[in-house]
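Reader: I am new to this structure. Please take me through one part of it closely, then show me what lies around it.

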There are 2 protein chains.
Amino acid sequence: MPAPVLSRRDLDFLLYDWLDVESLTSRERFAEHSRDTFDAVLDLSADLASKHFATHNKKADAQEPRIGEDGRVEIIPEVKAALDLFAKAGLIAGGFDESLGGMQLPMTLLRASMAWFQAANAGTSSYPFLTAANASLLVTHGSEEQIEKFVPAMLEGRFFGTMCLSEPQAGSSLADITTKAVPADDGTYRITGTKMWISGGDHELTENIVHLVLAKIPGGPAGVKGISLFIVPKFLVDDEGTLGDRNDVALVGLNHKMGNRGTTNALLNLGEGAFTPGGDAGAVGYLLGEPHKGLQYMFHMMNEARIGVGFLATSLGYAGYLQSLDYARTRTQGRPLGAKDPASPQVPLIEHTDIRRMLLAQKSYVEGALALGLYCSKLVDEQNTAADDDVRAKAGLLLDVLTPIAKSWPSQWCLEANSLAIQVLGGYGYTREFDVEQYYRDNRLNPIHEGTHGIQGMDLLGRKVVMQGGAGLLLLGETISATVEKALAAGGEVAEYAQQLRAATERVAATTAALWSTGDPAVALANSTVYLEAVGHTVVAWIWLEQLLAVGDREGDFFDGKRAAARYFYRFELPKTGSQFDLLSSLDRTTLDVSPAAF
Amino acid sequence: MPAPVLSRRDLDFLLYDWLDVESLTSRERFAEHSRDTFDAVLDLSADLASKHFATHNKKADAQEPRIGEDGRVEIIPEVKAALDLFAKAGLIAGGFDESLGGMQLPMTLLRASMAWFQAANAGTSSYPFLTAANASLLVTHGSEEQIEKFVPAMLEGRFFGTMCLSEPQAGSSLADITTKAVPADDGTYRITGTKMWISGGDHELTENIVHLVLAKIPGGPAGVKGISLFIVPKFLVDDEGTLGDRNDVALVGLNHKMGNRGTTNALLNLGEGAFTPGGDAGAVGYLLGEPHKGLQYMFHMMNEARIGVGFLATSLGYAGYLQSLDYARTRTQGRPLGAKDPASPQVPLIEHTDIRRMLLAQKSYVEGALALGLYCSKLVDEQNTAADDDVRAKAGLLLDVLTPIAKSWPSQWCLEANSLAIQVLGGYGYTREFDVEQYYRDNRLNPIHEGTHGIQGMDLLGRKVVMQGGAGLLLLGETISATVEKALAAGGEVAEYAQQLRAATERVAATTAALWSTGDPAVALANSTVYLEAVGHTVVAWIWLEQLLAVGDREGDFFDGKRAAARYFYRFELPKTGSQFDLLSSLDRTTLDVSPAAF
């Protein structure tokens with residue numbers, strides 16, 4: 001039997017013991033829910049993920065999507081079969097209103113459910129998650145007619161959705177997109193341009209694809225302020241919901257990636273005349289919301305997408321951890337230190353200290369990342385449904401500060417976990433006989449997409465900790481302090497960690513002040529990636545202390561495991577921030593001053 | 001034009017300015033050589049590597065070796081074509097005696113030559129390097145008859161060689177091999193067993209394959225002391241050098257790996273009766289040297305192999321660095337911080353500070369690793385050819401201490417360099433359109449083979465720094481001190497680094513003493529991997545200071561680049577060791593005490 005890809009025991013602990021998601025059922029939006037309905041969703045997710053997603057993960061990697069002779073994208077049939085089951089179970093609509101056929105699940109539960117699929121099969125699970133994010137944007141900003149035409153079909157899994165942002169000359173720099181949207185007489189637009197890196201950009205998994213496309217309306221402001229957002233379906237849809245003309249969106253090619261191969265990643269040409277909807281070339285697009293607000297709308301979605309990337313990285317890290325743990329328990333190799341008899345039986349790998357070090361490191365990364373992601377998801381629920389305005393505002397503010405960390409930290413450290421999983425398996429881990437090498441390849445995408453690691457650092461240091469006069473950073477500090485106080489009161493090892501955490505948190509504040517003290521953003525931001533990493537480790541140390549408080553003095557292997565992972569994090573990981581804060585506080589100019597000619 | 005895979009400018013600096021390899025030509029063994037012959041070898045290597053190895057690197061990855069319907073291994077034809085040119089150029093024999101048709105090149109030059117091929121094509125270049133290592137073992141321990149029968153054919157590239165150590169149940173734990181060698185009446189042995197992870201284990205690239213096989217002669221001592229080494233050719237060879245019967249070595253299967261796909265990696269069955277050489281089942285083997293000394297012989301070779309792995313990791317890191325540098329100079333994206341005009345042209349990536357950080361990090365890793373590898377190679381030359389006994393002994397001792405670092409440090413940090421190279425290229429770097437994702441996959445092997453990272457840590461802390469009463473560690477300390485003294489005298493920034501390095505070196509000594517102070521090896525070795533990493537960073541800091549001394553006050557971009565990379569290493573990297581030494585000195589028991597049940 002293969003190792004599970006996530007730990008239900010850990011999820012239960014985080015969701016119920018720590019975050020008390022059951023209390024959300026007292027809110028009107030979640031009033032129909034209970035621990036039973038939550039558990040049913042988790043059970044269903046684990047079951048579907050293991051039986052229908054994990055089972056073709058390797059095959060989808062080995063036989064990646066390709067363009068057939070007829071120009072259509074060919075994908076192994078297991079993908080559509082799994083996605084049809086996923087849609088039929090109502091999971092695309094999990095977080096949506098009941099009036100749209102949704103389950104009105106809290107985000108915290110929904111993320112836990114999604115994590116099962118991400119861990120089981122990163123490639124296949126991305127289609128419905130992109131679709132849900134797309135539909136959420138439509139629901140928030142679309143007209144009633146737009147919602148009616150597209151959203152139910154997406155939530156039922158008949159249409160899938162994409163986000164079309166990047167272009168060949170505009171990846172991280174969205175200000176430089178050149179895709180053009182020209183108004184037509186009937187209120188629609190005709191769109192021309194080239195879109196790149198489009199996940200799910202073309203396929204035959206569904207009868208239609210709803211592209212959300214960033215484009216510029218001629219005459220608008222330059223740069224990011226002139227970007228509008230359009231709905232561009234692959235096939236036009238009439239008012240009865242019947243599919244009509246093929247829209248002028250043409251597949252130019254698929255990118256062939258190191259990992260995440262199950263998700264098609266397309267280069268699309270819009271409006272080049274490959275198709276002539278309504279008799280004319282040009283992709284027909286429907287303006288979503290108001291003109292020139294496209295990037296603003298997209299960024300709202302992107303914050304959720306960034307937390308989703310964090311979960312994807314976490315899930316892959318978790319799956320690798322459990323597979324390497326399973327291997328370490330069953331594979332025998334070598335003998336204990338000092339064993340005299342070479343004929344004595346070999347011991348399981350886990351008996352070796354260095355193997356346990358690699359397992360503890362993985363455990364501290366993946367369980368820390370999962371807890372951080374669920375904490376952020378709970379903030380989303382607070383932001384959306386808390387009764388008190390102030391609570392809602394504070395949740396939103398804290399979420400803003402934590403988002404770059406929730407995206408980047410798992411992308412860095414759960415990738416490292418995957419590398420350690422390979423190392424535990426040794427030569428076997430390097431072969432395609434096991435899954436860990438694929439997790440490692442799949443996970444390497446996460447520091448790149450939805451804002452690179454470098455961009456998250458700029459976002460955290462350049463925007464999030466200075467916005468509203470530093471209110472977000474202050475709130476983070478207060479929130480951590482509250483945990484520290486509780487832990488100090490608890491005494492013992494937990495109190496020791498609390499002191500360590502308090503010192504690190506003080507360094508975050510002092511370092512932030514020092515960096516901005518010169519008034520020169522170039523100096524302040526020169527090492528923003530190092531800042532991101534140091535603050536990230538501090539935040540995850542806090543999340544580990546939170547977990548320890550939830551553990552309390554309970555006995556048993558599970559709780560001992562939490563204690564050991566926290567100890568590992570406080571002894572091996574948090575101290576790494578010391579030299580990072582030193583470097584930052586010195587306002588080091590090495591990377592700023594080096595001449596490009598010197599390389 | 002593709003970016004070069006190594007920097008000849010850097011090699012010239014390291015070889016001639018720093019290590020003064022020209023002075024080796026005053027020694028008898030290298031008397032026929034001169035700067036001109038050295039340069040000719042480097043020119044030839046760069047030329048062959050770029051024109052015949054780099055050109056099929058991607059193809060060999062995409063079309064990995066497979067077993068055809070006739071049971072033979074199929075490899076794309078470019079591999080054999082390149083290897084035939086390599087052999088014809090005399091490069092397999094580069095380090096061997098002239099009497100064997102070799103060039104008697106110093107090891108330092110030979111490694112620099114090999115690095116071009118490793119950087120251009122890890123998979124293809126491994127065949128001749130394994131063959132040379134195999135032949136070197138034969139020359140050292142074989143009888144005249146054995147040498148005559150196999151070595152010239154190997155150096156001419158007509159036979160290739162392998163090392164058959166691991167078995168399915170015995171990977172890192174060689175004590176547990178069960179392959180058996182039973183003496184026959186004619187002085188040969190019949191060998192039976194299964195060998196795993198055999199690089200170059202089967203192919204049709206050459207007319208014969210010479211396997212060196214570890215096996216146990218029944219009745220010998222248990223464990224590693226009962227292991228002998230045998231020559232087992234794929235085809236028997238008669239005294240005239242004519243190929244005879246197919247030996248009983250059968251290909252069972254090929255491993256399919258994440259990277260390094262160009263090198264076949266085989267599971268072999270010996271003596272199962274697939275072939276019947278001389279009419280009988282059982283693989284015919286010839287004892288090499290004395291019985292029961294096989295592991296000792298193999299370890300002599302393995303030390304060289306470990307440095308070779310370090311070079312492979314370094315070369316892949318270097319190639320990725322240069323490719324990402326080229327990309328950063330040509331790809332435009334975004335604008336300088338604070339640019340007001342969104343219509344101003346986008347700037348090259350290298351204008352962004354965080355991109356320069358990633359380039360500087362790579363540069364400090366790959367140039368540091370290359371320098372360390374060449375330094376170790378120079379120690380091999382000293383050990384082999386220095387006039388003075390004491391100099392030879394000291395070189396050998398220092399080499400012993402440095403070998404685990406020369407293997408593991410590049411395997412860790414040049415892999416990290418490859419990850420940064422991907423990051424510089426962003427989404428493009430994640431696709432198979434560029435080479436950096438392949439370098440990353442290829443490089444992930446290096447912390448695993450020829451002794452895992454964990455085993456290198458045990459070797460360093462458990463053996464190398466305590467052997468001869470700690471003489472090796474003492475010598476390393478003295479050697480570093482000599483550099484520190486020179487740097488202190490030089491003054492300025494170099495002197496600052498010298499003080500930093502002196503402090504780190506003192507911590508190495510104090511930490512080593514603290515770790516062994518309890519007398520309990522389990523405690524001392526619990527965090528040996530952390531020790532390996534901390535000492536590794538200290539050693540590379542020393543190597544960077546050495547380079548700075550060789551730079552002196554010379555002006556120009558190249559020298560400014562060396563200064564910037566050294567500065568990066570001293571400001572961003574060496575300080576990381578502080579928390580590692582703290583942890584080690586605390587005799588932390590987290591990894592030792594955690595119960596396997598707690599995971």
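Author: B:Thr131 sits in helix H6 (residues 122-141) of chain B. Helices are DSSP runs of H or I with at least four residues, strands are runs of E with at least two, and both are numbered from the N terminus. This is a predicted model, where local features need pLDDT of at least 70, side-chain atom pairs count only at pLDDT 80 or more, and totals for chains, interfaces and linings use all residues. Residues are numbered from 1 along each chain as its sequence is written, chains are lettered from A and ligands numbered from 1 in the order in which they are written, and side-chain values use heavy atoms, with hydrogens and water left out.

B:Thr131 counts as buried because its relative accessibility is 0%. Buried means under 20% relative accessible area, exposed means over 50%, and partly exposed lies in between (1.4 Å probe, protein chains only). A polar atom of the B:Thr131 side chain lies 2.7 Å from the backbone oxygen of B:Tyr127. Leaving aside neighbours within four places in sequence, B:Thr131 is in contact with B:Ile92, B:Met154, B:Phe159, B:Phe160 and B:Gly161. Contact means heavy atoms within 4.5 Å.

Chain B also holds a charged pair. B:Glu382 and B:Lys378 form a salt bridge, with the closest N and O atoms 4.0 Å apart. A salt bridge is a side-chain nitrogen of Lys or Arg within 4 Å of a carboxyl oxygen of Asp or Glu. The two residues are about one helical turn apart, because they lie 4 residues apart in helix H9 (residues 353-385) of chain B. B:Glu382 is buried, at 14% relative accessibility. B:Lys378 is buried too, at 14%. In chain A, salt bridges that share partners join A:Arg8, A:Asp12, A:Arg35, A:Asp39 and A:Asp43 into one network.

The side chains of A:Asp459 and A:Arg463 meet in a salt bridge at 2.7 Å, N to O. They are 4 residues apart in helix H12 (residues 453-464) of chain A, so about one helical turn separates them. A:Asp459 is buried at 7% relative accessibility. A:Glu156 and A:Arg158 also meet in a salt bridge, at 3.0 Å, N to O. Here A:Glu156 is partly exposed, with a relative accessible area of 47%. A:Arg158 is partly exposed at 34%. Over all chains, the structure holds 80 salt bridges.

Now the interface. 88 residues of chain A are in contact with 88 residues of chain B. The area buried between these chains is about 7400 Å², and carbon and sulfur atoms give 60% of that. Buried area is the accessible area (1.4 Å probe) that two parts lose on being put together, summed over both. In chain A, A:Tyr430, A:Arg432 and A:Phe599 lose the most area to chain B, together 12% of what that side buries. Between chain A and chain B the count is 6 salt bridges. One joins the side chains of A:Glu64 and B:Arg432, at 2.4 Å, N to O. Helix H17 (residues 557-573) of chain A gives the most to the side of chain A that touches chain B, with 8 residues.

Last, a backbone detail. A:Asn260 has a positive phi of about 50°, although it is not a glycine. A:Asn260 lies in the loop between strand E10 (249-254) and strand E11 (265-270) of chain A. A:Asn260 is buried, at 6% relative accessibility.

Methods. Polar contact = N/O pair within 3.5 Å; in protein donor to acceptor, adjacent residues only side chain to side chain.
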